Amino acid sequence: MYNTTYRIDLAGRAEPVVLRVAPEPARQFHSERELMRAEYASVPWLAPIADLMPHVLAADFTQSVIGRDWMIQSFLPGTPAPELLGSYPKETHTALFWQMGEITASVHAVAGPWFGPVTGPGHARWSGAVIASLRLIAEDVEGCGLDAADLRKAADSARAGARVLDEVTVPRLLTGDLWTVNTMLAEGAQVPTICGVLDMDRTWWGDPEADWPTRY
């Protein structure tokens, strides 16, 4: 629901490829700007799960071709988890979430240079990244004509409690958006088995306990 995505079959190539096109710059939120560039910059840091991710085949951030960022990636095998998971007995679903936890833990083991977006701006302290994030979200909410008083209050609370937040001293890589919708499952496995991970465009540096929760 951010990038426009196309499956493309190419003459002379056995496997299809995926073309992802970012929204035009004027339509991007302050809190979610240039996410495709963030994913591209995250690839070297995501080496621990490289075997599960699509390969970047081409990327263009000049916006000289179509006025937008775009990227071509390899096509991952498997079936989207939401389509296949329901075919497994409920008691086997635990296997999926164990795997998701292991994947997340391997990402969290990667330490970074600052707190905040992978592409910057970086913050020396975790509190700075949290406050900046909340304020940007508030700007987006207000830009839609909605009341962001609760978000402003949350940012003020984070600022007042900065000492607690700053007990986190090592920036860790956060997946940002790892849940069932962004995983592929192997067909024919006895239990739900993750064979691919998609859309790592919301990665950032922070406290692992602030990472996106698993939902399904």
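The legends below describe close-up views of a predicted model.

**View 1**
Helix H5 covers residues 149-160, which makes 12 residues. From its first C-alpha to its last, H5 reaches 16 Å, close to the 16 Å expected at 1.5 Å a residue. Leu151, Ala155 and Ala158 are the buried residues shown in H5. They cover an arc of only 60 degrees around the axis, which puts them on the same side of H5. Asp150, Lys153 and Ala160 are exposed and lie on the other side of H5. Helix H4 (126-143) and helix H6 (162-165) are the elements against which the buried residues of H5 pack.

**View 1. The buried side of helix H1.**
Leu35, Met36, Ala38, Glu39 and Ser42 are buried in H1. The arc they cover around the axis is only 160 degrees, which puts them on the same side of H1. The cover over the buried residues of H1 includes strand S2 (17-21) and strand S4 (70-74).

**View 2. Strand S4 and its antiparallel partners.**
Of the 5 residues of S4, 4 are buried, and the strand is mostly covered. S2 and S4 run antiparallel and are joined by 5 bridges. Leu19 stands opposite Ile72 in S4. S3 is also antiparallel to S4, with 4 bridges joining the two. Here Asp60 stands opposite Trp70 in S4.

**View 3. The aromatic pair of Trp45 and Trp205.**
A pair of aromatic rings is described by the distance of the centres and the angle of the planes. The structure holds 4 aromatic pairs. One of them, formed by Trp45 and Trp205, is edge-to-face, at 4.9 Å centre to centre and with 85 degrees between the planes. Trp45 lies in the loop between helix H1 (35-42) and strand S3 (56-60), and Trp205 lies in strand S10 (residues 204-206), so the pair ties together parts that are 160 residues apart in sequence. The two residues are listed here with their accessibility. Trp45 counts as partly exposed, at 34% relative accessibility. Trp205 has a relative accessible area of 0% and is buried.

The ring centres of Phe115 and Trp126 are 5.8 Å apart and the planes are at 45 degrees, so the pair is tilted. Phe115 is in the loop between helix H3 (93-108) and strand S6 (116-117), while Trp126 is in helix H4. The two residues are 11 residues apart, and the pair links distant parts of the chain. Phe115 counts as buried at 2% relative accessibility, and Trp126 counts as buried at 4%. Ring pairs link Phe115, Trp126 and Trp204 into a cluster.

**View 4. The open sheet S6-S10-S7.**
Strands of a sheet pair through backbone hydrogen bonds, either parallel or antiparallel. This open sheet has 3 strands in the order S6-S10-S7, and the pairing is antiparallel. S6 and strand S7 (172-174) stand at the edges with a single partner strand each, so one side of each is left without a neighbour in the sheet. Between S7 and S10 the antiparallel pairing runs over 3 bridges. Arg172 has Gly206 in S10 as its bridge partner.

**View 5. Arg7 over the ring of Phe75.**
Arg7 lies over the face of Phe75. The distance from the ring centre is 4.9 Å.

Leu84 is placed in helix H2 (residues 81-84). Its relative accessible area is 17%, and Leu84 is buried because the value falls under 20%. Not counting residues up to four places away in sequence, Leu84 touches Thr79, Leu185, Ala186 and Glu187. Leu84 and Val197 are 113 residues apart in sequence, and their C-alpha atoms are 15 Å apart in space.

**View 6. Glu102 in helix H3.**
Glu102 is found in helix H3. With a relative accessible area of 54%, Glu102 is exposed, because the value is over 50%. Along the chain, Glu102 and Arg33 are 69 residues apart, and their C-alpha atoms are separated by 29 Å.

Definitions and conventions:
Residues numbered from 1 in each chain as written. Predicted model: local features only at pLDDT ≥ 70, side-chain atom pairs only at ≥ 80, totals over all residues. Heavy atoms only, no water. Expected span 1.5 Å × (residues − 1). Buried < 20%, exposed > 50% of the residue type's maximum accessible area, 1.4 Å probe, protein only. Arc of directions from axis to C-beta. Contact = heavy atoms within 4.5 Å. Phe/Tyr/Trp six-rings, centres within 6.5 Å; stacked < 30°, edge-to-face > 60°. Lys NZ or Arg CZ within 6 Å of the ring centre and 35° of its normal. Pairing = 2+ DSSP bridges.
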